[in-house]
Amino acid sequence: MTTATRSFSRYALAIAVLSLTEVNAATPNPTKNPTAPPTTGKPTNPPTIYVGTNKWYVSYSDQTCKKDCAVAANTDCGGITRDSFTIANGLYTTAEACCSARLGYIDKNYCADRSKVTPVGTGMYYAASSGGYCLKDEIPATAADGEGKASANDKLYATPAACCSAMSWIPSAYCLARSPTTSAAPVGYSGKWFVDYTDSVCKADCDPVTPFTGRPSDADTSGAACEKATLQTYQYYDTASACCKAHLGWIPSATCEAVSTTGISATSTDGTDKWYADYSADTQHCVQDCAYVSTDASTATCGGVLKSVAGITLYDDADDCCAAKFPWVDKALCEEYSTLANDGYTGKWYVSYEDEVCVKDCEVDTVNDPECGGNPSDVSARLFADAAICCSSMLGWINKDTCKSKSETGVTATVPATTGSGDWYVDWTQSQGKCVQDCEVGAGAKCGGLAHSWNKMFDSSSACCERLSWVPLSQCT
């Protein structure tokens with residue numbers, strides 16, 4: 001160790017001794033008593049516990065509002081929120097205020113009720129549009145009382161009437177009868193009248209089983225008029241008379257009303273003598289509403305007294321009935337079948353393609369009246385005033401004289417073999433067709449041979465050439 005090092009060590013030791021001596025030195029004036037006695041007993045204040053604000057905050061996951069307090073039985077407390085943003089900006093004094101501010105797209109009454117720990121329903125009404133009625137929002141819900149549990153998407157209404165009005169496509173009479181009232185279960189029947197076109201009567205929307213719930217005052221007490229209306233029923237009336245007038249105007253009002261209210265027709269024993277369509281016969285025609293007596297020829301046009309004219313259109317005469325009900329039948333034929341003015345025959349002519357002749361609509365008598373063929377088998381057959389018109393209209397390819405003669409007499413007209421008729425017809429064996437005369441070849445410059453029965457005849461070459469419009473006139477004959 002060097003001299004310098006030894007000197008420094010001694011100096012440091014001296015300093016340390018002096019410092020220790022000063023610390024352990026006695027206080028110049030010692031205190032007589034301690035400054036304060038030690039504390040005893042419990043702390044002055046217990047620790048603080050956060051219990052929420054008792055205000056309301058939104059829960060978007062539940063689409064409700066919750067009360068800011070610890071969950072406990074028989075309270076609406078939904079749990080304490082510790083979200084600083086919610087505490088600072090999202091607390092409301094009531095559930096309604098919270099719902100309006102944070103869940104404005106949900107009915108506030110629905111939101112406030114569902115925000116309770118035990119919701120009981122709003123007591124308001126919502127549409128069950130698939131059934132055409134409204135339900136009361138109650139929890140628990142009793143279906144028989146017209147109750148249901150609304151969803152967050154349902155719009156709520158204060159009264160059944162307001163709810164039904166919102167479904168403008170459904171008649172209010174139907175909706176209200178099938179919705180609960182503010183104090184009672186649904187009646188189920190409107191007690192009003194609606195039309196049934198299938199049966200051509202009006203029916204009452206009431207219970208067809210005793211005690212005939214909803215039976216209107218003008219319906220028979222037997223319940224015969226009752227039938228539960230369907231959702232597809234669109235119009236309702238207070239009385240059967242009003243319903244009949246609005247929808248079944250072609251039926252006598254007394255008949256319609258009687259059949260509708262009682263199910264029994266108000267017809268007389270003699271009938272109305274008006275005309276109606278008879279579809280039951282092969283010869284489609286019209287008959288009269290009157291009693292038929294086989295031994296009384298004057299009743300031949302009667303179809304019997306109708307037990308009910310509901311659904312049957314009546315006409316003043318056979319002409320109008322035929323025109324309206326059988327437009328595909330020749331008018332004269334339908335009228336004759338109906339009135340039997342000429343024993344059921346029109347005396348007109350119709351075609352028989354099978355025999356290539358026209359025949360007359362008259363009673364068959366091959367000896368005295370060979371032209372008669374009876375009624376046409378096809379009721380849609382065209383009728384003509386005489387054989388000539390029938391032949392030219394329906395058998396134009398046959399020589400008109402031949403057709404007329406055979407039709408009227410049953411014998412083909414004889415045409416001299418050496419002369420022919422001298423009329424013109426188309427010779428289709430020629431290139432593009434050519435008009436020639438009905439005469440023996442060689443008997444004249446334009447003779448093309450005697451015409452066949454199927455050839456259509458023309459009075460002149462020019463008329464025949466019009467049939468060959470694509471052939472130059474100079475080359476037509």
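This is a predicted model: local features need pLDDT of at least 70, side-chain atom pairs count only at pLDDT 80 or more; totals for chains, interfaces and linings use all residues.

Me: Why is Lys 192 called partly exposed?

Reply: The relative accessibility of Lys 192 is 26%. Buried means under 20% and exposed over 50%, with partly exposed in between, so Lys 192 counts as partly exposed.

Me: What makes the contact between Asp 238 and Lys 192 a salt bridge?

Reply: The side chains of Asp 238 and Lys 192 meet with a distance of 2.4 Å, N to O. A salt bridge requires a side-chain nitrogen of Lys or Arg within 4 Å of a carboxyl oxygen of Asp or Glu, and the pair therefore qualifies.

Me: Why is this pair said to tie together parts of the chain?

Reply: Asp 238 lies in the loop between strand 7 (201-204) and helix 7 (240-247), whereas Lys 192 lies in the loop between helix 6 (172-177) and strand 6 (193-196); the parts so tied together are 46 residues apart in sequence.

Me: How many salt bridges does the whole structure hold?

Reply: A search finds 13. One of them joins Asp 137 to Arg 114, with the closest N and O atoms 2.9 Å apart. This pair links distant parts of the chain, as Asp 137 belongs to strand 4 (residues 133-137) and Arg 114 to helix 4 (residues 108-114), 23 residues apart.

Me: Are Asp 137 and Arg 114 buried or exposed?

Reply: Asp 137 has 0% relative accessibility and Arg 114 has 12%. The limit for buried is under 20%, so Asp 137 counts as buried, and Arg 114 likewise counts as buried.

Me: How do you know that Glu 138 and Lys 136 form a salt bridge?

Reply: Their side chains meet at 3.8 Å, N to O, and the definition asks for a distance within 4 Å. Glu 138 and Lys 136 are both buried.

Me: What makes strand 8 and strand 9 a pair?

Reply: Two strands pair if there are at least two bridges between them. Strand 8 (residues 275-278) is joined to strand 9 by 4 bridges, and the two run antiparallel; they are therefore a pair. Ala 277 stands opposite Cys 286 in strand 9, and the two strands form a hairpin with 6 residues between them.

How values were computed
Residues are numbered from 1 along each chain as its sequence is written. Side-chain values use heavy atoms; hydrogens and water are left out. Buried means under 20% relative accessible area, exposed over 50%, partly exposed in between (1.4 Å probe, protein chains only).
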